[in-house]
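Here is a short briefing to read with the model open beside you. Take it one topic at a time, and find each residue as you go.

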Amino acid sequence: MSHAFYDAVDRNDVAAVRPQLSDAFASFEEEQFHGKDAFVGDLEQSLANHEPTLTRVWKGDGHVVLAGDTAVFVGESMLHGPMRDFDGWSTLVWVGEAGHWRVVEMQWQPGGADTAREQWNAIFRGDVPIPFKKTVNQLLADSVAKRKPGTALDIGMGQGRNAIWLAKHGWQVTGLDVSSVAVKQATETAKKEKVKLEAVQGDFDTWDFGNDKWDLVAMIYAGSDPKRVERAQRSLKKGGLFVLEFFSSDSDANTKMGIGGWKPGQLAAMFHDGFKIVRDDVVEDVADWGQRKDKLVRFVAEKL
């Protein structure tokens, strides 16, 4: 029902949409509020102007919570328009009225890489006051201290603190970050410091890490997605080093803010075949990100 409703909305099909709206209907999207009459009026205007219709591709079926005569649908989709595509989350609240399900509330919020980019842009512009370390991560510096420099990929480069440090120490570095603001800042700093850095703005989950390409892959406060780590494993050359520091799953950062974390032994299980585990520690120390004492996972492995 929810998919069919959105299909009718995307096609400006007023005849199909109107009967499904409750008299108490309200929509809220991008800070714009519309009641039933205004919402239907917008569809009618789009239809009269022969505006291009939209197409929507759902990422899965979505989620439905049912309680009595109320049902809540939440789903993520990619909306294809004439100018650009939008990745976002759609919410519908259905209520039972006179034997029929009708929509009483409709909301949309952006999702995917666009949202992540804007959130991190705000942080690196200083709009969001989150303290973070501006110098090299100590685990990374210690891990490469006695290694011959080679090619390095810094996933989640940020403003370039680790990537630029590696470049200064002879590494050929590619730094990847979702934030366009961070990439610009890293590029400017590298130029000022007179070091070579390939700074790339891209989505961690779609940018190609490659295969057997890097002598070093660093994930320093770059999340706890196992699929991302698996891609990093494949991208390492024989003898290459993987270095990760992030929060533990039972850290305050995860339990209070839900930012994710690694369980004890989780990474070791992923690296049991074809790798030598150099370090696998759970420690209490001041985190680079947030600058507060917390439970951290520090992990280093070498590809055999």
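Leaving aside its neighbours within four places in sequence, which residues is Phe242 in contact with? They are Val217, Met219, Val229, Ala232, Leu236, Phe271, Phe299, Val300 and Ala301, where contact means heavy atoms within 4.5 Å. You are looking at a predicted model, in which local features need pLDDT of at least 70 and side-chain atom pairs count only at pLDDT 80 or more, while totals for chains, interfaces and linings use all residues. Residues are numbered from 1 along each chain as its sequence is written, and side-chain values use heavy atoms, with hydrogens and water left out.

**The whole chain**
- The chain has 10 helices and 14 strands; these are DSSP runs numbered from the N terminus, with helices being H or I of at least four residues and strands E of at least two.
- Its C-alpha atoms fill a box of roughly 75 × 40 × 35 Å, taken along the principal axes.
- Of the 304 residues in the chain, 44% are buried (buried means under 20% relative accessible area, exposed over 50%, and partly exposed in between, with a 1.4 Å probe and protein chains only).
- Among contacts in the chain with a separation of 6 or more, 58% are between residues 24 or more positions apart.

**Nonpolar cores**
- A nonpolar core is a set of buried Ala, Val, Leu, Ile, Met, Phe, Trp, Tyr and Cys residues joined through side-chain atoms within 4.5 Å.
- The largest nonpolar core has 50 residues, and Leu216, Phe242 and Leu244 touch the most other members.
- Strand β12 (residues 236-247) gives the most to this core, with seven residues.
- Apart from it lies another core of 18 residues, among them Val14, Leu21, Phe39 and Val40.
- In soluble globular proteins, nonpolar side chains tend to be buried together.

**Helix α6**
- Six of the eight residues of helix α6 (residues 161-168) are buried, so the helix is mostly covered.
- The buried ones are Arg161, Asn162, Ala163, Ile164, Leu166 and Ala167.
- These buried residues pack against α5 (138-143), β8 (151-155), β9 (172-177), α7 (180-193) and β11 (214-220).
- After α6 comes Gly170, whose phi is positive, near 95°.

- Most residues other than glycine have a negative phi.
- Tyr221, although not a glycine, has a positive phi of about 55°, and it is buried, with a relative accessible area of 13%.
- Asn12 also is not a glycine and has a positive phi of about 55°; it lies in the loop between α1 (2-10) and α2 (14-17) and counts as buried at 9% relative accessibility.

**Aromatic pairs**
- A search of the whole structure finds 16 aromatic pairs (rings of Phe, Tyr and Trp, the last by its six-membered ring, pair if their centres lie within 6.5 Å; planes under 30 degrees apart count as stacked, over 60 as edge-to-face and the rest as tilted).
- Tyr221 and Phe247 form an edge-to-face pair, 5.6 Å centre to centre with 75° between the planes.
- Tyr221 lies in the loop between β11 and α8 and Phe247 in strand β12, so this pair ties together parts that are 26 residues apart in sequence.
- Phe247 counts as buried, at 3% relative accessibility.
- Ring pairs also link Phe5, Tyr6, Trp58, Phe73 and Trp94 into a cluster.
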